[in-house]
Amino acid sequence: MKTYKNTKSTKINTDMELKALLENEAEANQYAAKCLAVCAGVGTLAWLFNILGIFIIPANIMNIGMPFTILFFLIPTLLCKITGGKPLWAKYAIVICGITSIFILSAAMPKHGVLAWAVPLALSCHYYSKKLTKLTLIASWILFSASIYVGMYIGEGDLNLLITEPDIENRVITGQMLFEASLFFVLPRALILLGLSSICTTVAGRTRRLLERQIRDSEERQRISTELDVATRIQADMLPCIFPAFPERPEFDIYATMNPAKEVGGDFYDFFMVDETHLAIVIADVSGKGVPAALFMVIGKTLINDHTRPDVDLGKVFTEVNELLCQSNNEGLFITAFEGVLDLVTGEFCFVNAGHEMPFIAKSGNAYEPYKLRPGFVLAGMEGMKYQSGCIQLSPGDKIFQYTDGVTEATNTANELYGMERLTNILVQNTAKSPAELLPVVKADIDAFVGEAPQFDDITMLCVTFVKAMDGGFTDYSS
């Protein structure tokens with residue numbers, strides 16, 4: 001199975017690279033055609049200058065050679081308009097047109113056309129193909145050499161090649177002249193083309209490798225993105241997300257949300273029945289963001305859940321969890337956490353806080369107020385820490401709102417924090433709302449404040465209402 005998967009993955013990589021190279025080839029055809037169209041424009045301008053007498057190239061040579069040169073320069077543009085530049089043979093046709101144009105130009109004007117032989121080699125660089133560049137070099141060598149000899153007979157006179165006057169009708173070409181042309185003109189310029197082709201071949205090969213690497217990187221990013229999407233769903237599934245959470249329990253009403261800043265977050269919340277008469281709530285924030293924080297979150301959530309047991313003091317729960325987290329914390333992460341257990345019979349709410357935000361409590365008929373308590377030290381920050389729990393008495397109708405620092409530290413485009421004051425105000429204004437109604441209102445207020453600014457931290461909130469005591473005995477301790 002592993003071999004099959006590797007083979008399949010290799011095939012996918014090859015297909016993606018082939019597709020990307022074909023797309024680049026079609027695009028390269030368009031760009032190469034545009035380059036040759038520019039060359040046609042330059043040729044037309046040179047022809048016009050010659051007609052006006054600015055250039056002194058013989059008119060009969062210019063009037064015969066230049067139209068054909070311009071024609072072959074423009075054929076690729078017509079070809080791309082008809083085919084879209086997509087056929088596999090298009091690149092060969094475009095390069096051949098370029099070479100043919102330069103051959104005509106070089107044969108007609110040996111003195112001026114020699115530099116133009118760089119054009120076909122430069123065109124071949126568009127295709128990231130060493131093979132095409134080598135084929136272009138070979139064709140250029142052959143036609144370049146031919147253009148030298150043809151130019152001696154019918155082209156513009158080059159006194160370096162011709163001893164006699166550059167009169168086409170009276171030229172006398174001897175074997176010695178052909179030998180000297182080969183030795184002093186064809187061979188050196190061919191070597192220059194060879195040197196230029198080595199540069200073009202290197203550029204083509206290097207650019208192709210960069211493209212292939214980019215394709216592999218793109219595929220890797222796509223794979224990571226897919227895995228992160230799966231991780232996001234897994235993380236969401238790990239958090240209680242079905243509401244109402246306990247429809248069969250009329251004693252309480254609970255609701256929670258978590259909005260990660262990245263694909264996966266380090267915040268988490270949890271709530272579960274410790275036994276038939278005790279509800280536990282947990283909200284926590286792992287330092288850092290992304291995958292490392294999410295993995296550490298899973299460990300922390302699992303340990304807190306596993307160690308919360310009936311009749312076990314919450315201070316002891318966090319003490320045990322802290323020791324275990326410190327043992328497997330090579331990355332130096334830590335967790336701020338708050339856990340509370342509500343006795344559904346008596347209304348007693350016991351809690352422990354490890355460096356987390358202070359909760360808000362709304363007594364029945366009153367507005368939300370922050371409940372100041374000692375925050376304690378973070379989990380996984382240091383071995384040997386002892387955590388102390390505390391307890392308060394709740395009455396039916398009392399509410400508890402807890403959150404992570406992503407709420408108060410949400411930042412707008414002016415770099416202002418949402419802050420405790422705004423959070424207090426929105427809670428006070430909506431005290432009468434149920435947990436499921438309250439949290440969306442708070443999130444909407446945060447979003448309105450933040451505006452277009454990016455979210456830098458996870459935003460997690462939890463709210464629980466103690467609706468009524470279990471049948472069998474609620475004692476009001478508040479009097």
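What follows covers a helix, a helix pair and some backbone angles.

The model is predicted, so local features need pLDDT of at least 70 and side-chain atom pairs count only at pLDDT 80 or more, while totals for chains, interfaces and linings use all residues. Residues are numbered from 1 along each chain as its sequence is written, and side-chain values use heavy atoms, with hydrogens and water left out.

Reader: What span does helix α2 reach from its first C-alpha to its last?

Author: Helices are DSSP runs of H or I with at least four residues, strands are runs of E with at least two, and both are numbered from the N terminus. Helix α2 covers residues 59–83, which is 25 residues. The expected span is 1.5 Å times one less than the number of residues. For α2 that expectation is 36 Å, and the span in the model is close to it, at 37 Å.

Reader: Where in α2 does a kink of about 25 degrees lie?

Author: The bend at a residue is the angle between axes fitted to the seven residues ending there and the seven starting there. In α2 the kink comes shortly before the proline P76, at L74.

Reader: At roughly what angle do the axes of α8 and α9 cross?

Author: Axes are lines fitted to C-alpha atoms, for helices over the stretch in contact, and angles run from 0 to 180 degrees between N-to-C directions. Helix α8 spans residues 290–307 and α9 residues 314–327, and their axes come within 9 Å. The crossing angle is roughly 145 degrees.

Reader: Which residues of α9 does α8 meet?

Author: Contact means heavy atoms within 4.5 Å. From α8, the residues involved are F296, I299, G300, L303, I304 and H307. On the α9 side they are V317, F318, E320, V321, L324 and L325.

Reader: Is D311 buried or exposed?

Author: D311 is in the loop between α8 and α9, and its phi is positive, near 65 degrees, in a residue other than glycine. Buried means under 20% relative accessible area, exposed over 50%, and partly exposed in between (1.4 Å probe, protein chains only). With a relative accessible area of 83%, D311 is exposed.

Reader: What is the relative accessible area of A380?

Author: A380 sits in the loop between β7 (369–370) and β8 (389–393). Its phi is a positive value near 70 degrees, in a residue other than glycine. A380 is buried, and its relative accessible area is 6%.
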